[in-house]
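Please keep the sequence and the coordinates at hand while reading.

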Amino acid sequence: LEFMSELQDTLIETENIHDSCRVWITTEVHPKFPISLLQTSIKFTNEPPQGVKAGLKRTYAGITQEQLDYSNLPQWKPLLYAVAFLHTTVQERRKFGPLGWNIPYEFNQADFTASVQFIHNHLDELDPGKMVCWNTVRYMLGEVQYGGRVTDDYDKRLLNTYAKVWFGDHMFAEAFGFYQGYEIPQARYIEQFREAIEHLP
């Protein structure tokens, strides 16, 4: 923070600044961040989109066909979609303030990426004919990947409930849905997933 004041002084006092000079600052909200530096800046924010459909669209915009084809196991694509749905849900709950989470958590793309990597590694390590270890998957999602940020006991309970209800052998059944109208698409290609997301409520 001391450097921010120094940077501001440098930018204001320097007489000749090259036309192509740019300063990029990434920051979280902080009460001691110099307001005048903020006021003279062009600001960009990267907020999660509003709504489950918009959140899934954004997540699946960053997924490639190559990622979908990482694994030939039939569990891979439904699990990837389920993690994307969980990611969207935990972000969406933030907009409801204390009704969503008792404490506002900064869930971000890194949580999703780490969770997907864990699922991929877990499936890779499965012996042929062996089932997914759901206790491990639920623990990693509910207690480590997303749960690692959660400090409130009730929030932790809610996150673990999502993991317990949404992640299990039952999720591969045709009748499974996260909620009415929110089923896992039976798809093989990225465009099919994106099209299914477009038709969500």
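1. The model is predicted, so local features need pLDDT of at least 70 and side-chain atom pairs count only at pLDDT 80 or more, while totals for chains, interfaces and linings use all residues. Residues are numbered from 1 along each chain as its sequence is written, and side-chain values use heavy atoms, with hydrogens and water left out.

2. Gln 8 belongs to helix H1, residues 2-13; helices are DSSP runs of H or I with at least four residues, numbered from the N terminus. Gln 8 is buried, at a relative accessible area of 12%, where buried means under 20% relative accessible area with a 1.4 Å probe and protein chains only. Not counting residues up to four places away in sequence, Gln 8 touches Pro 34, Ser 36 and Leu 37; contact means heavy atoms within 4.5 Å.

3. The side chains of Gln 8 and Ser 36 are joined by a polar contact of 2.2 Å. A polar contact is a pair of N or O atoms within 3.5 Å; within protein, one must be able to donate a hydrogen and the other to accept it, and residues adjacent in sequence count only if both atoms are side-chain atoms.

4. The largest nonpolar core contains 44 residues, and those with the most contacts inside it are Tyr 60, Tyr 81, Leu 86, Phe 167 and Phe 178. Such a core is a set of buried Ala, Val, Leu, Ile, Met, Phe, Trp, Tyr and Cys residues joined through side-chain atoms within 4.5 Å. Elements giving two or more residues to this core include helix H3 (52-61), helix H5 (76-92) and helix H9 (190-198). The most comes from H5, with ten residues.

5. Phe 167, leaving aside neighbours within four places in sequence, is in contact with residues including Leu 79, Leu 86, Trp 134 and Tyr 162.

6. Lys 77 lies in helix H5. Is Lys 77 buried or exposed? Lys 77 is buried, with a relative accessible area of 17%. Leaving aside neighbours within four places in sequence, Lys 77 is in contact with Leu 68, Asp 69, Ser 71, Ala 187, Arg 188 and Phe 193. Its side chain reaches the backbone oxygen of Leu 68 at 3.4 Å. The C-alpha atoms of Lys 77 and Arg 194 are separated by 13 Å, although these residues are 117 residues apart along the chain.

Technical notes: Buried means under 20% relative accessible area, exposed over 50%, partly exposed in between (1.4 Å probe, protein chains only).
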